[in-house]
Amino acid sequence: MAVEGGMKCVKFLLFFFNFIFWICGLILIIIGIVVQVQLNKTLVISNAASSGAPVVLIVIGGVIFLVSFFGCCGAWKENHCMITMFAILLTLVFIVEIAAVIAGYVFKDKVKPVLNISFQEMIREYSQSKEIQQNVDFLQSSFQCCGGNGSSDWRNATSSNIPVSCCNTTSSPKNCNTADPGQIYSQGCVDAMDKWIQKNILIVIGVALGIAFFQLLGIIFACMLMKAIRSGYEVM
């Protein structure tokens, strides 16, 4: 039995929302990969939990990417089984995503100790690895910071030289040991990076909640279309 307007609209809206889900999944995968690569390039990860967030993003993005396939095909082919599978999987993703947002907000204050451990390890290995030197110098220059908790971290390390990346000066000395105290960044990098994370995590949570809103609409449309197909409607 043909339907007038209503179910046609739901069908195309479901297809449209699944296309958006597909894009969102792709974006999450890309963001997760970029964050993971940057973490591996700029931090010595001694705790696997510290790289959990980008891995979760990649997994969730991949799941959304696959789930959207069921939604698109089910809506276009008016396949009750595929739409049911889509609704179930999307509901699970929605629950996991909301749980991840809550966990990220609750545990955001526990990132600082992990950053401190990682940065102290980088300081100890600074003179042993050219790659670590480049990563530390990049972090200190970018965040305008020095050491994990201040320049004293470098003085207490095996190598007593304070890197030139700690100097807030246009000159290019070999190290900052002879620089005036006012020319050395006073803020530690752990505090600087933690402030950056605290500032941007709300943006990440906002984006995740925005995606979750569209997922909820997708679940509602899928249930409506499932009911229409099961009732014998022919959606053109």
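This is a predicted model: local features need pLDDT of at least 70, side-chain atom pairs count only at pLDDT 80 or more; totals for chains, interfaces and linings use all residues.
## Serine 152 and helix α6

Serine 152 is partly exposed, with a relative accessible area of 38%; buried stands for under 20% relative accessible area, exposed for over 50%, and partly exposed for values in between (1.4 Å probe, protein chains only). The residue belongs to helix α6.

Residues are numbered from 1 along each chain as its sequence is written, and side-chain values use heavy atoms, with hydrogens and water left out.

## Overall fold

The protein chain contains seven helices and zero strands. Helices (H or I, at least four residues) and strands (E, at least two) are DSSP runs numbered from the N terminus. The order of elements from the N terminus is α-α-α-α-α-α-α. Of the 236 residues in the protein chain, 39% are buried.

## Helix α1

Tryptophan 22 is located in helix α1, residues 6-42, and is partly exposed at 33% relative accessibility. Tryptophan 22 is part of a nonpolar surface patch that also includes Phe19, Ile23, Leu26, Ile27, Ile30, Ile31, Val34 and Val35. Together the patch residues have about 720 Å² of accessible area, computed by the Shrake-Rupley method with a 1.4 Å probe, where for residues only the protein chains shown count as cover. Patches take residues with over 30% relative accessible area and no salt bridge, joining like charges within 9 Å and nonpolar side chains (Val, Leu, Ile, Met, Phe, Trp, Tyr) within 5 Å.

Glycine 32 is also placed in helix α1. At 0% relative accessibility, glycine 32 is buried.

## Helix α3

Helix α3 covers residues 80-106, 27 residues in total, and reaches 39 Å from its first C-alpha to its last. This is close to the 39 Å expected at 1.5 Å a residue; the expected span is 1.5 Å times one less than the number of residues. Buried positions in α3 are Met82, Ile83, Phe86, Ala87, Leu90, Val93, Glu97 and Val101.

Helix α5 (residues 130-143) has 14 residues and a first-to-last C-alpha reach of 20 Å, close to the expected 20 Å. Its buried residues are Ile132, Asn135, Val136, Leu139 and Gln140. They cover an arc of only 125° around the axis, which puts them on the same side of α5; the arc is that of the directions from the helix axis to the C-beta atoms. An α-helix has 3.6 residues a turn, so residues three or four places apart point the same way.

At the start of α5, a side-chain oxygen of serine 129 comes to within 3.2 Å of the backbone nitrogen of isoleucine 132. Just after α5, glutamine 144 has a positive phi of about 50°. Most residues other than glycine have a negative phi. Glutamine 144 sits in the loop between α5 and α6 (152-155) and is partly exposed, with a relative accessible area of 49%.

One salt bridge is found in a search of the whole structure, the term standing for a side-chain nitrogen of Lys or Arg within 4 Å of a carboxyl oxygen of Asp or Glu. The salt bridge joins the side chains of lysine 112 and aspartate 191, at 2.6 Å from N to O. Lysine 112 lies in helix α4 (residues 111-124) and aspartate 191 in helix α7 (residues 189-230), so the pair ties together parts that are 79 residues apart in sequence. Lysine 112 is partly exposed at 32% relative accessibility, and aspartate 191 is partly exposed at 27%.

Isoleucine 201 is another residue of helix α7, and is buried with a relative accessible area of 15%. The C-alpha atoms of isoleucine 201 and lysine 108 are 8.1 Å apart, across 93 residues along the chain.

Notes. A polar contact is a pair of N or O atoms within 3.5 Å; within protein, one must be able to donate a hydrogen and the other to accept it, and residues adjacent in sequence count only if both atoms are side-chain atoms.
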